[in-house]
Amino acid sequence: GLNLTNIQGDILIGMKKNKELFFFFTIINSTLFRSQLGSGILPLITPTSQLLAVDTQPTTAVNLAFSQRGLTTLDITDDLGDTAFANGQIDNVASILGDETSNWESAFAGTSIHGVFLLASDTVDNVNATLSQIQALLNGSITEAYSLQGQARPADQQGHEHFGFMDGISNPAVTGFSTPLPGQQVIDPGLFLLGETGDTVTRPAWAKDGSFLAFRQLQQRVPEFNKFLVDNALSNPNLTADQNAELLGARMMGRWKSGAPVDLTPTVDDPVLAADPQRNNNFNYSHPGFDLDTDQTHCPFSAHLRKTNPRAGLTPENTANHIIRAGIPYGPEVTDAENASNVSSTDPSLERGLAFVAYQSDINAGFAFLQQFWANNAGYGVDPIIGTDGLGQPDVPRSPSGLDPADPTRIITIEQDFVVSRGGEYFFSPSLSAIQNTLAI
Ligand code: N7H
């Protein structure tokens with residue numbers, strides 16, 4: 001089995017709290033920082049084992065990860081064997097990810113981010129108290145480079161991202177760790193943890209049981225997305241106009257807002273199915289007597305869910321390109337004024353989106369692969385949620401087919417990006433023993 005007391009908790013199961021602060025920092029005194037890391041900070045770091053049962057969960061869960069620049073600042077010169085990590089996310093910006101660089105937060109575009117503390121709790125007060133404790137322990141050896149406060153959406157939208165869709169349903173099961181639910185793909189731990197079965201890259205011994213964290217601040221233009229659905233509502237005669245708008249959104253996503261998979265319930269939402277973990281992930285896009293290469297009556301080929309994980313759509317079923325997602329929404333609810341105008345406010349305090357977190361042992365096979373070769377791939381249509389033209393141009397019209405079940409050849413052009421990348425960074429989330437024995441002095 002895996003050493004769950006040594007693996008940081010966010011990687012395999014996620015910290016799953018309603019508030020999560022991403023505190024990006026610059027190390028200004030490497031020696032002082034390293035001297036405080038073992039006795040001071042390490043006891044606050046939450047391993048996987050502590051998150052498994054409610055009674056062992058800390059009030060505030062803490063994880064810690066470093067950028068390549070951060071490791072270099074700490075005089076850790078070993079090559080971790082991942083070029084994307086070594087070069088930093090800015091190196092991938094336009095050609096691989098398709099981001100428009102001018103939309104990047106300046107901190108992500110700059111050189112000051114050495115690491116990130118992930119602080120998760122039920123309240124912002126708890127998070128801030130733990131942050132103060134960390135800053136006191138680090139005694140002026142770091143400064144804030146940037147921070148992003150993630151928060152679950154309110155009331156019945158809890159667990160749903162800002163477009164309104166239930167998130168966090170389909171993550172892979174990890175061999176030796178999780179018992180797979182029906183339909184859940186079972187993936188070797190080495191795809192997520194360095195040095196475990198399935199990781200074929202040569203790494204320094206201390207990197208074992210660490211993971212690469214791909215962080216992305218992804219702004220969501222919610223009023224624009226909603227207007228698009230209304231303006232392009234489908235025309236199923238058995239559905240109301242509202243339901244036809246919902247149907248279009250569900251087909252773009254691959255799940256209904258409830259989380260029910262379109263592959264299992266193609267024309268109506270099914271909240272009971274959505275809430276049933278024995279059934280809500282138990283599909284692979286194939287059906288008896290169904291031509292997987294042409295039939296889009298259930299789920300469109302371009303749906304976000306199908307683009308980012310084609311399941312049986314690839315033969316043999318893909319076992320190489322998987323991530324574990326652990327993101328959380330950020331920003332406030334849509335205001336009445338934004339709803340009335342159908343336009344997102346330009347007020348920075350009203351920016352909303354997804355603080356996207358993906359774990360993998362190989363960034364070029366994980367997050368970057370999914371974005372570049374699947375989401376941004378025009379074959380079967382670019383991903384209508386997160387796809388870009390792959391050249392770093394904003395609002396380039398995308399032309400997915402298959403969204404209209406009545407006429408799968410019909411192209412419904414999307415003129416606008418509903419998700420705008422504000423940038424991010426690649427980090428390494430080391431094991432607790434690596435923090436103790438290699439990073440600390
Ligand atoms: Fe996606 N969304 O709410 O629109 N995503 N995603 N994602 N995503 C998924 O099944 C969303 C993004 C994946 O195994 C769901 O758990 C939004 C990036 C993968 O079948 C929803 C953004 C990448 C899956 C969303 C965003 C991915 C997945 C369904 C950006 C990788 C699982 C919930 C703002 C490059 C696929 C669920 C599978 C599911 C949304 C970004 C990947 C609702 C809003 C950048 C692998």
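Author: Buried means under 20% relative accessible area, exposed over 50% and partly exposed in between, with a 1.4 Å probe and protein chains only. This is a predicted model, in which local features need pLDDT of at least 70, side-chain atom pairs count only at pLDDT 80 or more, and totals for chains, interfaces and linings use all residues. Residues are numbered from 1 along each chain as its sequence is written, and side-chain values use heavy atoms, leaving out hydrogens and water.

Reader: What percentage of the residues of the protein count as buried?

Author: The cut-off is the one just given, under 20% relative accessible area. Applied to the 441 residues of the protein, the buried share is 56%.

Reader: In which helix does His-304 lie?

Author: Helices (H or I, at least four residues) and strands (E, at least two) are DSSP runs, numbered from the N terminus. The run that spans 304–308 supplies at least two residues of the shell around the ligand. His-304 lies in helix 11.

Reader: How far is a polar side-chain atom of Arg-255 from an oxygen atom of the ligand?

Author: A polar contact is a pair of N or O atoms within 3.5 Å. For Gly-168, a backbone N or O atom is 3.2 Å from a ligand oxygen. For Arg-255, the distance is 2.9 Å.

Terms used: A polar contact is a pair of N or O atoms within 3.5 Å; within protein, one must be able to donate a hydrogen and the other to accept it, and residues adjacent in sequence count only if both atoms are side-chain atoms.
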